[in-house]
Amino acid sequence: MGALPVFRWRLAPDGYATRRQLRARGLRPGGQQVAATLERPRRRREPLVAYLYRIDLAQPVRPMTPARWAALAKANATRRICPKCRRDAGYVIPTSLGMCVPCAYPDPDSPRSV
């Protein structure tokens, strides 16, 4: 196979799409190789590159099964539980803190029973 065609930003012909554009249409690459690249020039830096796939070779997105929905719900629930106080924070615990906000920044005036 020869070199991939390279298109300038916003100048790709019809029939090509990025992964995100395929997903917005309910499609996935489906094992096909990258068909072309898209380059966005930047000053004094390497250009931004996006990979393009052929829309006619794309396949429909696989539907979520009940087991996959359950696994996703369990994973998201785990991300909400504070490892320090073991309570559901009501939001996804920031990885930068590693614990819920009240545990990371305790209020000295109102002690929280842990």
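What is the mean pLDDT of the chain, and what share of its residues reach 70 or more? The mean is 91, and 94% of the residues reach that mark; pLDDT is the predictor's confidence in each residue, from 0 to 100. This is a predicted model, where local features need pLDDT of at least 70, side-chain atom pairs count only at pLDDT 80 or more, and totals for chains, interfaces and linings use all residues. Residues are numbered from 1 along each chain as its sequence is written, and side-chain values use heavy atoms, with hydrogens and water left out.

**View 1. Arg54 with Asp56.** Here you can see one of the two salt bridges found in the whole structure (a side-chain nitrogen of Lys or Arg within 4 Å of a carboxyl oxygen of Asp or Glu). The N to O distance between the Arg54 and Asp56 side chains is 2.7 Å. Arg54 is partly exposed at 34% relative accessible area, while Asp56 is exposed at 55% (buried is under 20%, exposed over 50%, partly exposed in between; 1.4 Å probe, protein chains only).

**View 2. Arg80 with Asp88.** These two side chains also meet in a salt bridge, at 3.2 Å from N to O. Arg80 is partly exposed, with 29% relative accessible area.
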